[in-house]
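Look at the model below from end to end before reading on.

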Amino acid sequence: GLDRGSKGQISTSSSFISTVNQKKEAAENRSSPTHLVFPNIKNVRDLPPICLDVRQKQRTSTDALSSEMKTPVLPEPILPVQPKTMKDFLEDVEKAKSSGDWKTVHDFYLTMFDSFPELNAAFQKDASASFNTIEDSGINAKFVNAVYDALLNTPQDIQKTVLKGIINSLLREWKGPRTKDDLRAYFILLQNPQFNNTSTYVIYAHLLRQIATLVEADHHFLVHWFKKLSQKRFKQLVERLLQFISLRLFPAKPEEFPPISKCSWWIPSASKVLALLNTANNLVHPPLIPYTDFYNSTLDHIDLMEEYHTWQSFGNSHSRFSFCQYPFVISIAAKKIIIQRDSEQQMISIARQSLVDKVSRRQRPDMNMLFLNMKVRRTHLVSDSLDELTRKRADLKKKLKVTFVGEAGLDMGGLTKEWFLLLIRQIFHPDYGMFTYHKDSYCHWFSSFKCDNYSEFRLVGILMGLAVYNSITLDIRFPPCCYKKLLSPPIVPNDQSMPVGICSVTTDDLCQIMPELAHGLSELLSYEGNVEEDFYSTFQVFQEEFGIIKSYNLKPGGDKIAVTNQNRKEYVQLYIDFLLNKSIYKQFAAFYYGFHSVCASNALMLLRPEEVEILVCGSPELDMHALQRSTQYDGYAKTDLTIRYFWDVVLGFPLDLQKKLLHFTTGSDRVPVGGMADLNFKISKNETSTNWLPVAHTCFNQLCLPPYKSKKDLKQKLIIGISNSEGFGLE
């Protein structure tokens, strides 16, 4: 296997350069339009190894750093005079293209990449200004982009000159304290598009390592500069790093790279720089790119459980590398595999212990002990389920099997899914009073009504946990804030007095549940008049509970504190915190403990709130062509006329009708993490009159379709059927 944790000796750049030069002829025949080779450099010094104290130094996560963090004032050395303006450079490039004489452009690149000070002088916005702010790198981004865009279209000798200059700069700047100019130079060099090519990977790796081993304060500067990049340039940086990791893991031509034992630091260095970009992305609202753009699908093909167990054993220490230290690069599909296998191992362990206990007591083993067996009456579904789960709480991590009392039938998965669907339907009905449905946002939220027993909220949490463990997609509509709270913290604290399910909330979170109220509070914040005189509000809120209006102070003595222009921000924050945290604390805490009683796994620490939602409810991204490819048939063949009519109609449906079809046949309009193929969707022939509407068995994801004779008739009957079914997502 690949030991990415060992600190192998670092090979010299010159040995790799000579190897690549020997293959120059073959390399030039590549399909890449601008293939790059290393310049023939003599007497290149080896880069020294990373000091152990640097590698093992414990650092605070960049995510936790405040933008107000005090960083040491870095010395600003005297820079060379700025050689050219952007306008001058572009004119020189145009002249070179028309005349074929590239000497002026060559001299510009030669000077610019000769050293870090020259690099800074070339791209600094204002040569006379000193830049010590986090938010402004002082770099002319447009000029950087113009120079790099032009570089790939210059003759090979210019491109080699740039690479030679970068190598010399990296060697020269390795020792000594970092200045602000070093950081600017790293920031500029990281954007070099030459690093897309594998022939430059040795140089790229050394650049990444130098950036990765900077101190935390320096990383803080880089993070804030990254977030100022354009979306296009930012995405290019991320894609370049992901490709670097993928090709180091699975090289197309292994001989292109040094042996893995000599460069075990490549992937950890790249992952650390990716972490800086991920932090920068999370600081911007909305993010520069979707979080899914950081996924590296190549990791789906490595031994994920080995990565997970390494992480379990060594944590985030630098002694052993694991991709689980950087979970943002692991896709949701890969995380699901880790969680399922982890849960399976826990299930097997618990089942084995039950078996051993039986044998040790000389009792006859019963196969039922290997399962979480639920026996419930349809007429007492919620109470029976609650009693069974309370009584069998030690078995929650076993495979779930459901039996309805008085009904014959073996649970092959259909009864389990039906149990989930019926329970969710009943618990979320407004008459039940546990959850409030908000029509403006199409989601449910916890009722703030006080009660003596919150065990039914615990039941809902257990249901969600069982759904994840048993790969059942639930038709639940909670806002994203719910999943953020569910991971606060991701592991249940040992100290029972510690609060759980409390997270920082904003008007954005409130807007996802109560958009009108969130809009009203935003208006209050931006109101230009006299808030105290015009609104006449205090730090007190009112809620109706069972027909009685109750008041709550947002802070001690709140009923006597007027909301003013000066304290309105505090009022809004306390109001939102009251609605989403404090007023429902007991309800959500019971829900939290229920979920984590099943999903008590460190693997949850790998998940973002959005990913928990996808695991529980599925993905909203529909691919009906993928569903067509994976559909099974009973009584029909895929070439039958009725089936051809069906897919012509369905593929032509707008998204809302496609969602209705999915909801009609599966009980949810979302797709499992594994994609449409995981639905096991089946179309069966219904030998009835073609006047009948289609019928669905949601427990088996099955559609029973009469053999309609025309496409028009099929479309009409199908739309009527899917548009008038009751479904399980009741208000």
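Tyrosine 291 and tyrosine 295 are both buried, where buried means under 20% relative accessible area, exposed means over 50%, and partly exposed lies in between (1.4 Å probe, protein chains only). This is a predicted model, in which local features need pLDDT of at least 70 and side-chain atom pairs count only at pLDDT 80 or more, while totals for chains, interfaces and linings use all residues. Residues are numbered from 1 along each chain as its sequence is written, and side-chain values use heavy atoms, with hydrogens and water left out.

Start with the overall picture. The protein chain has 731 residues, and 52% of them are buried. Its secondary structure comes to 29 helices and ten strands; helices (H or I, at least four residues) and strands (E, at least two) are DSSP runs, numbered from the N terminus. Among contacts between residues at least 6 apart in sequence, 74% join residues at least 24 apart, a contact being heavy atoms within 4.5 Å.

How far can the coordinates be trusted? The predictor's confidence in each residue is given as pLDDT, from 0 to 100. The mean pLDDT of the protein chain is 83, and 85% of its residues reach 70 or more. Over residues 1-74 the pLDDT stays under 50, and the model has 150 contacts beyond four places in sequence for this stretch. Residues 726-731 also have pLDDT below 50, with 19 contacts in the model beyond near neighbours in sequence. Where pLDDT is low, the predicted coordinates should not be read in detail.

Now turn to the aromatic rings. A pair of aromatic rings is described by the distance of the centres and the angle of the planes. Rings of Phe, Tyr and Trp (its six-membered ring) pair if their centres lie within 6.5 Å; planes under 30 degrees apart count as stacked, over 60 as edge-to-face and the rest as tilted. The whole structure contains 47 aromatic pairs. One of them joins phenylalanine 187 and phenylalanine 226, with 5.7 Å from centre to centre and 45° between the planes, so the pair is tilted. This pair links distant parts of the chain, since phenylalanine 187 belongs to helix α9 (residues 180-189) and phenylalanine 226 to helix α11 (residues 216-226), 39 residues apart. Phenylalanine 187 counts as buried because its relative accessibility is 5%, and phenylalanine 226 is buried with a relative accessible area of 1%. Tyrosine 291 and tyrosine 295 form an edge-to-face pair, at 6.0 Å centre to centre and 80° between the planes. One aromatic cluster includes Phe428, Trp445, Tyr454 and Phe591 among its members.

A charge can also sit over a ring, which requires NZ of Lys or CZ of Arg within 6 Å of the ring centre and within 35 degrees of the ring normal. Arginine 209 lies over the face of tryptophan 265, 4.4 Å from the ring centre. Lysine 555 takes such a place over phenylalanine 539, at 5.1 Å.

Charged side chains are the next topic. Side chains of opposite charge can pair when their charged atoms come close. The structure holds 22 salt bridges, each a side-chain nitrogen of Lys or Arg within 4 Å of a carboxyl oxygen of Asp or Glu. One of them joins lysine 335 and glutamate 611, at 2.9 Å from N to O. This pair links distant parts of the chain: lysine 335 is in helix α15 (residues 332-360) and glutamate 611 in helix α25 (residues 609-617), 276 residues apart. Both residues, lysine 335 and glutamate 611, are buried. Another salt bridge joins aspartate 475 to arginine 477, with 3.4 Å between the closest N and O atoms. Aspartate 475 is buried because its relative accessibility is 9%, whereas arginine 477, at 23%, is partly exposed.

Which residues does Glu418 join in a network of salt bridges? The network links Arg378, Glu407 and Glu418. Glutamate 418 lies in helix α17 (residues 414-427) and is buried, with a relative accessible area of 19%.

The peptide bond from histidine 285 to proline 286 is cis, with omega near -5°, and proline 286 sits in the loop between α13 (266-283) and α14 (304-314). Tyrosine 442, a residue other than glycine, has a positive phi near 55°. Tyrosine 442 is exposed, with a relative accessible area of 60%.
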